[in-house]
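Colleague: I am new to this structure. Could you take me through a few of its residues and strands?

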Amino acid sequence: MSGEKGGLDRVLALELARVAERAGVAAARLRGRGDEKAADQAAVDAMRRELGMLSIRGTVVIGEGERDEAPMLYIGEEVGAGDGPAVDIALDPLEGTTLCAKNQPNALAVIALAERGTLLHAPDVYMQKIAIGPGYPAGTIALDATPRDNVHAVAKAKGIDVGEVTACVLDRPRHAALVDELRETGVAIRLIGDGDVAGVIHTTDPEETGIDLYFGIGGAPEGVLAAAALRCIGGQMCARLILDTDEKITRAGRMGVDDPARIYAVEDMAAGDVIFAATGVTDGSLLSGVRFSKDRITTHTLVLRSSSRTVREIRAHHREEGKFD
């Protein structure tokens, strides 16, 4: 499935939406049950089954973990039907396992697909990130600038007072000093309990989400997935892997990371033609969660493609429930 100009066939966008939908429905069956592992495993199993039906030769470069830590959808696993284009795959079958287990907002099933060799092969470590949406001059944000400087730069570029800026931060003890510094600037803060892929994507539509920029330290896999989304929509992101032990440096080196201190931009983490899909598991400001009724299942999916900058929202009604089992 090669595109007319050497990219990915646009039909894959709809196929990827189906993969996200299946994982989202599987996880949604277990939302609010308090069992993170069961919900995550259900999403993994569903996503893996659907990927096996795609006409691709896929390699998971961002997955549930590395081979020795994850029973399936691990980094390096080959997926797909074995025909079609060679592609890199980044995925998080259930982004926000705690959110799903507690039936809290913004749990998603997320997957991105790109031409082979164009997604960053990142180990499962932490990553420092800052992101904004489209429409800003290049270089508006900088990872090594202070939070104050970044907030003022965004406010100036947007033509608003600092007090009108809202920053999204994961609510973690490691961010206590960051939150204190941000509060001193007068910026509003949206603390989220989980789901930093959604947090980054929220910056792309501040009029709808109320979020202008994203700060903090979260997972590197989620960072690559967020970069894939920004590659499709537009926006800026600066990120750096936190490789603070020899073991992590060695693991990253095996994946091709030769500069542990490198700062990555969006294009460094997701290049070429990228397709991104996310299905809401629980209701959120980005997507509605899965709805179950007597005769149908309703899903809400966001599908993005970098080559056309197309943003699609798909509200699908699935009337044959057995297909989701």
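Predicted model: local features only at pLDDT ≥ 70, side-chain atom pairs only at ≥ 80, totals over all residues.

Modeller: Asp 40 is buried and has no salt bridge. Lys 37, the nearest side chain of opposite charge, is 9.7 Å away.

Colleague: Which helix holds Asp 40, and which residues does Asp 40 touch, not counting those up to four places away in sequence?

Modeller: Asp 40 belongs to helix H2, residues 36-51. With residues up to four places away in sequence not counted, Asp 40 touches Glu 64, Leu 94 and Thr 97.

Colleague: How many bridges join strand E12 to strand E13?

Modeller: Strand E12 covers residues 297-305 and strand E13 covers residues 310-318.

Colleague: Which residue in the hairpin of E12 and E13 takes a positive phi?

Modeller: The hairpin has four residues between the strands. A positive phi near 55° is found there at Arg 309.

Colleague: Is Arg 319 buried or exposed?

Modeller: Arg 319 lies in the segment after E13. Its relative accessibility is 54%, and exposed means over 50%, so Arg 319 counts as exposed.

Colleague: What distance separates the C-alpha atoms of Arg 319 and Asp 171?

Modeller: Leaving aside neighbours within four places in sequence, Arg 319 is in contact with Asp 295 and Arg 296. Asp 171 is 148 residues from Arg 319 along the chain. The C-alpha atoms of Arg 319 and Asp 171 are separated by 39 Å.

Key:
Residues numbered from 1 in each chain as written. Heavy atoms only, no water. Pairing = 2+ DSSP bridges. Helix = DSSP H or I, 4+ residues; strand = E, 2+ residues; numbered from the N terminus. Buried < 20%, exposed > 50% of the residue type's maximum accessible area, 1.4 Å probe, protein only. Lys, Arg positive; Asp, Glu negative; His and termini not counted. Salt bridge = Lys/Arg side-chain N within 4 Å of Asp/Glu carboxyl O. Contact = heavy atoms within 4.5 Å.
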